[in-house]
Amino acid sequence: MPTPFAAQIDLLTGAIDSAEQRVVSRTLDDVNGIFARECHGSELVYEVFNLDVPELNSELQTCTTRLHPGRVGDEYYMTKGHFHEVRDRSEIYLTTSGVGRLLMATASGETVVQEMAPGTMNYIPGGWAHRSVNVGDEPLVFFASYIGDAGHDYATIEKRGFPVRVVEGTDGPTVVANPRYVADA
Ligand code: S6P
Ligand code: ZN
């Protein structure tokens, strides 16, 4: 059981001033396969700063994500996206810097796309896969908190993709159907 703790979060960068954190960095090589086009290289796409707590449903995991600006073809940089391993575990996001879109989809393909901007809180109910997309020119930074035993299922999204993609259109970010999406059998 953790004891009470506090941490300072830099709202512009997502950096957390704690020694007790686990940092996950994803490069273009790491996210190859999530975009319509292939991508390769050591350029950073995003980083996640995790303040780990025990993986119990009585605890709350807390972390920040810094998603860099950029595109692969006409698709904006985005996270891998996942369902929670324990499907009914919910999560909240609070954007602190930058602009983005939050894609959410159920296993049956129901899809919701929400805006992410400083001060926006997005509630992700259990059972909804989630992926964030940076549609701006600055890093998209958000704070997330989720039920401690949620875990992450990346394999389902790797196999099926998301029902929609966010591409740069003539009028800015545009949500389009993903022709490669594989619906639940
Ligand atoms: C964790 C939460 C976020 C993501 C992070 C990176 O449940 O949803 O902290 O882990 O934004 O995305 P992904 O899909 O690579 O984990
Ligand atoms: Zn999550």
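Predicted model: local features only at pLDDT ≥ 70, side-chain atom pairs only at ≥ 80, totals over all residues.

User: Ok. How far is a polar side-chain atom of His152 from an oxygen atom of ligand 1?

Analyst: The distance is 2.8 Å, so that pair falls inside the 3.5 Å cut-off for a polar contact.

User: What about the side chains of His82 and Glu91, how far are their N or O atoms from a ligand oxygen?

Analyst: For His82, an N or O atom of the side chain is 2.9 Å from an oxygen atom of ligand 1. For Glu91 the corresponding distance is 3.0 Å.

User: And how much of ligand 1 does the protein bury?

Analyst: The protein covers 97% of the 400 Å² that ligand 1 exposes when taken alone.

User: Which pocket is it in?

Analyst: Ligand 1 takes up the space of the largest pocket.

User: Which residues come nearest to it?

Analyst: There are 16 residues around ligand 1, and the nearest of them are Tyr46, Thr65, Glu91, Tyr93 and Tyr154.

User: Which strands supply at least two residues of that shell each?

Analyst: Those are strand E2 (44-51), strand E3 (60-67), strand E6 (91-97) and E11.

User: Let's pick Tyr154. Where is it placed?

Analyst: Tyr154 is in the loop between strand E11 (140-147) and helix H2 (155-160). Leaving aside residues up to four places away in sequence, Tyr154 touches Arg26, Lys80, Gly81 and His82.

User: Switching topic: Ser132, buried or exposed?

Analyst: Ser132 is buried, because its relative accessibility is 1% and the limit for buried is under 20%. Ser132 is in strand E10 (residues 129-134). Its contacts beyond four places in sequence include Leu67, Tyr77, Tyr93, Arg101 and Phe142. Tyr93 is also one of the residues that come nearest to ligand 1.

User: Last one, where is Thr106 and what does it touch?

Analyst: Thr106 is in the loop between strand E7 (100-105) and strand E8 (111-116). Not counting residues up to four places away in sequence, Thr106 touches Phe83, Gly127, Trp128 and Tyr181. Thr106 counts as buried too, at 12% relative accessibility.

Conventions
Residues numbered from 1 in each chain as written. Chains lettered and ligands numbered in written order. Heavy atoms only, no water. Helix = DSSP H or I, 4+ residues; strand = E, 2+ residues; numbered from the N terminus. Contact = heavy atoms within 4.5 Å. Near = heavy atom within 4 Å. Polar contact = N/O pair within 3.5 Å; in protein donor to acceptor, adjacent residues only side chain to side chain. Areas by Shrake-Rupley, 256 points an atom, 1.4 Å probe, with all protein chains shown as cover. 1 Å grid on protein atoms, 1.4 Å probe; cavity = no way out; pocket = protein on both sides within 12 Å on 5 of 7 lines; lining within 4 Å. Sits in = over half its atoms within 2 Å of the grid points. Buried < 20%, exposed > 50% of the residue type's maximum accessible area, 1.4 Å probe, protein only.
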